[in-house]
Amino acid sequence: MDAAIGDALFGRLFRGRVHSVFAQAVNFAASRTRLYSLVAEELDDAPGTVRVRVSQDRPLDNLGIRPGDAVISTAGGLSCGSVPVLAANVRPWSPTLPPFPSTPAGRRRLAASLDIFINAIVAYGREGGLKAFISGDARTLIEKRLVERAAAVVSAFVAGSPDEALTTGKGLIGLGTGLTPSGDDFLAGMMVIINMPAGPFDRQHRKVAAALAAGAETGTVSRAMLRHAARGRTRAGVVALLEAMTDRPPHDVAAAARKVLCSGATSGTDLAAGIAAGLSAGLELAGEEEE
Amino acid sequence: MTVRIDIRENTYYDSVTLMALTQKMAAHPGVTEAVAVMATPMNKDLLAGVGLLTAAADAAGADDLIVAIRAESDAACEAALALFAGATARRAEDKKTAVSFTSLDAAVRHLPGANLAVISVPGEYAAREARAALRNGLHVMLFSDNVSLADEIDLKTTAHEKGLLVMGPDCGTAIVNGVALCFANAVRRGNIGVVGASGTGTQEVTVHIDRLGGGVSQVLGTGGRDLGAEVGGIMMLDCLAALSKDEATGVIVLISKPPAPSVADKIVAAIQTCPKPVVVCFLGGANAVGAGGTYFAATLEEAARAAVALATGDKPPSQACSHEKLATMATVARAKLAPGQHAIRGLYCGGTLCQEAARTAPGEGHIFIDLGDDDYTKGKPHPMIEPSLRLPYILEAARDPSVAVLLLDVVLGYGAHPDPAGVTASAIVQAREIARAAGRHLEVIAYVCGTDADPQGKAGQESKLAAAGATLAKSNARGAYLAAAVVSREV
């Protein structure tokens, strides 16, 4: 469980409603901006999320939980519809990003990892969203629009133009198909990189990320994701990927990359594209500092 | 033009589902534009840009789904929206009735009589799931690829010790007790057992068995690496042993690309102790009768002919199929070629079909592409599932002044695209037109690997290709022979 939500869910009286139900996740909200998720134990730890062990014969969308059901505190934890979640069974977890490499050797290693990561996106990523930003093969109107706007956001961040980054970033929010539109996933990936400790991105960049997340006009699930990402909070698989890219051998990078790419329908690929864009921009900025 | 919008409040589908349904709606007759997106301001902006943002769509919230259609008529709009509604309703109904499990162990507890697991998960997780299946006493059909050779050897060794089969990795075709698994064709049941180390090779043999009046008892796959020196043919040998004992099997067919010599020796030795007639097609060999009554077939079609003859108590035909008529057809086509047209361009969905055809090509300068190969399918569907991936290659071939023959396969069956010929036909027309405009004749030879009982229907698929101007071949080998004859000066 995300340690940051332990108190809100289990330390005081909680009242919320089920927002959406999927086979491996139930999202529930306490307000427009506070969204939480119960996810199957097989999935990653993630911000705002409690991993739960459900009976293996019954996925979460087969437990009778419906959108609008009450989620309330009980003596031992929470009740989500008719399904109990016991506080004693959850283990706290916190996302801790590894530092951006501070030495030229470390950045060369990161650049080599980035090549592997980009190859993995091209090889294993799913089309339809921002894979085209990496592969250069935008075919549909949505893909073309996404690529054009993502490129503008990245340029603005690299150029250190906060106003332009904010304007172009807004143009990407909510754009694309799916529960979390591709543009949101991409921005979330970039925001995570902007928040890597000791990185080349400064307070201005982080303020732009926070402003984008705060004003995000997108779906509830996406909005919650962006708010976490703007504070450098991301799922365990992404943390593992960044750890591998900064400090592990190439085959660990490839394996971690594939795990990120496997998540969601196209979300894993769109998030990966944002991470790759953020790292690439970061290396460019760090290179300028050296010069 | 008419625009219709359907707003679905608080409705969520994943992006792949929405893209697939959007493509289906866009392909509906009369529909010129179809979009299904969450109603975020940016997506509304996108809709406005293409003239699909109505007042109702503009009023929708970011957690609502917009389905927008532009079509030539109200009826076409309605039909496309009905298509979306029908597909999502079926999906909801499936969710209610389908039993799904979060682990293999749970599925085994629910279905204690099951003895086979079909595994199709990303390669890095596949070996773990296959081990779980073997632990539970299940045979495995491993559709996943990208499984390491070490894992494959370990899984097959474990299965062998337990008396179980591991079909795969990268095994795409099997028919077990009459049930077609993954990519397989609707073929008659009978007394011919087939073991294939190649998916479309197995499909080609089984459809010819069906066309010749025969039927199959079991069709088992081994995965393409099984007959390599490292794996050593563990599964080919175990499948051969299993079919030797199977009462419903009277004749056995083994299909593979040429195996490692050491493995070929082991297989030939095992065949000699098999009490049933065995037909072997190691692609590229010649028709021959080996020791112990083993029949070696040069082509996949010949393997099927030999098996059907043996299954009915006859001797396999001693002569290869007659190609006299094909030679005449080739002469006619050759006469239409412009100077400089000398090459075959084979664009294949089936890897083994591609290999079989490539072996027939005379001389040099020909290009055969297996578009189902990993190099072409990374991050994309297989061309048997999405045949439109082949269309740019068809048009590219048409622009190449050296290309005389375009050779295509169209693979039908369960799991394949519902209308591959329909998707391909317009590109064939366009390709021939491109060549004609440049003063050339492009001979398009197509082969449909399938049966009339397949969901796509062989006859209907063939008529679409013929209407587009393709010459139809009766088998993959015959198509390849015809292509070779067209470009060969000696024939």
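**Figure 1. Hairpin of β6(A) and β7(A) in the predicted model.** L78(A) stands opposite V85(A), a residue of β7(A). The two strands, β6 (residues 77-80) and β7 (residues 83-86) of chain A, pair in the antiparallel sense, and four bridges join them. Two residues lie between the strands of this hairpin. G81(A) takes a positive phi near 60° there. Strands of a sheet pair through backbone hydrogen bonds, in either a parallel or an antiparallel arrangement.

**Figure 2. Open sheet of three strands in chain B.** The strand order is β4-β5-β6, and the pairing is parallel. β4 (116-119) and β6 (166-167) of chain B are the edge strands; each has a single partner strand, so one side of each is left without a neighbour in the sheet. Between β4(B) and β5 (residues 139-142) of chain B, the parallel pairing runs over four bridges.

**Figure 3. Contact between chain A and chain B.** Chain B contributes 30 residues to the contact, and chain A contributes 40 residues. On the side of chain B that touches chain A, at least two residues come from each of α1 (15-26), β2 (31-38), α2 (41-49) and α5 (104-110) of chain B. By residue class, this side of chain B holds 14 nonpolar, nine polar and seven charged residues.

**Figure 4. Surroundings of α2(B).** The buried residues of this helix are M42(B), N43(B), K44(B), L46(B) and L47(B). Elements of both chains pack against the buried residues of α2(B). From chain A these are α4 (141-159), α5 (162-172) and α6 (182-194). From chain B they are β2, α3 (55-59) and β3 (65-71). α2(B) is also one of the elements that supply at least two residues to the side of chain B that touches chain A. Just after the helix, G51(B) takes a positive phi of about 70°.

Figure 5. Among contacts in chain B between residues at least 6 apart in sequence, 68% join residues at least 24 apart.

Technical notes:
Residues are numbered from 1 along each chain as its sequence is written. Chains are lettered from A and ligands numbered from 1 in the order in which they are written. This is a predicted model: local features need pLDDT of at least 70, side-chain atom pairs count only at pLDDT 80 or more; totals for chains, interfaces and linings use all residues. Two residues are in contact if their C-beta atoms, placed from the backbone, lie within 7 Å. Ala, Val, Leu, Ile, Met, Phe, Trp, Tyr, Cys and Pro count as nonpolar, Asp, Glu, Lys and Arg as charged, and the others, Gly among them, as polar. A residue is buried if 20 or more other C-beta atoms lie within 10 Å of its own, exposed if 12 or fewer, and partly exposed in between; C-beta atoms are placed from the backbone. Two strands pair if DSSP finds at least two bridges between them.
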